[in-house]
Amino acid sequence: MDIPTIPDQLFILIILIIIAFVVIIVAAQWKSVAKSKASIVLLEKEIELKKMSMVEKDIESKRLMDNPIPLPQEQQDSLSAIRQSTTQVRSEVGYLHSEINERLARLEAQTEQKKLEKMLKEIEAKEAKLKKQ
């Protein structure tokens with residue numbers, strides 16, 4: 001039985017085709033890796049720019065806080081009145097909150113006292129009943 005043989009030129013052609021495919025695949029992968037690296041570098045630069053922008057905004061806001069803009073007397077009086085009314089409302093809210101808490105505590109104490117008085121009467125009634133027997 002004869003084993004068919006592939007001519008040497010056809011064998012070399014097949015090897016060259018396989019090598020060409022491998023080279024194409026490697027080149028495509030290398031290109032995609034290069035694109036990925038470039039996009040990562042670009043994203044890092046964007047993040048750096050955003051950080052710098054945030055720091056600049058923070059510095060600007062601190063500068064504005066440290067150097068308040070002088071307002072006309074009328075606006076200063078208006079702001080002062082608003083602050084005063086806000087303080088009054090907050091103190092009234094605090095007072096009402098405290099009053100509600102105190103009343104609630106008193107109500108709970110009274111309820112507990114009535115329960116205990118009722119239990120005491122029941123116990124006394126049971127004791128009296130036991131003594132009669």
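A salt bridge is a side-chain nitrogen of Lys or Arg within 4 Å of a carboxyl oxygen of Asp or Glu. Glu60 and Arg63 form one, with their closest N and O atoms 2.5 Å apart.

This is a predicted model, in which local features need pLDDT of at least 70, side-chain atom pairs count only at pLDDT 80 or more, and totals for chains, interfaces and linings use all residues. Residues are numbered from 1 along each chain as its sequence is written, and side-chain values use heavy atoms, with hydrogens and water left out.

The protein chain has two helices and zero strands; these are DSSP runs, helices being H or I of at least four residues and strands E of at least two, numbered from the N terminus. The C-alpha trace spans about 125 × 80 × 15 Å along its principal axes. Of the 133 residues, 0% count as buried, where buried means under 20% relative accessible area, exposed over 50%, and partly exposed in between (1.4 Å probe, protein chains only).

A search of the whole structure finds three salt bridges:

| Pair | Closest N to O distance |
|---|---|
| Asp58 and Lys62 | 3.6 Å |
| Glu60 and Arg63 | 2.5 Å |

Asp58 and Lys62 lie four residues apart in helix α1 (residues 8-66), about one turn of the helix. Glu60 and Arg63 are three residues apart in helix α1, also about one helical turn. Glu60 is partly exposed at 35% relative accessible area, and Arg63 is partly exposed at 41%. Glu99 and Arg103 lie four residues apart in helix α2 (residues 73-132), and Glu99 is partly exposed at 24%.
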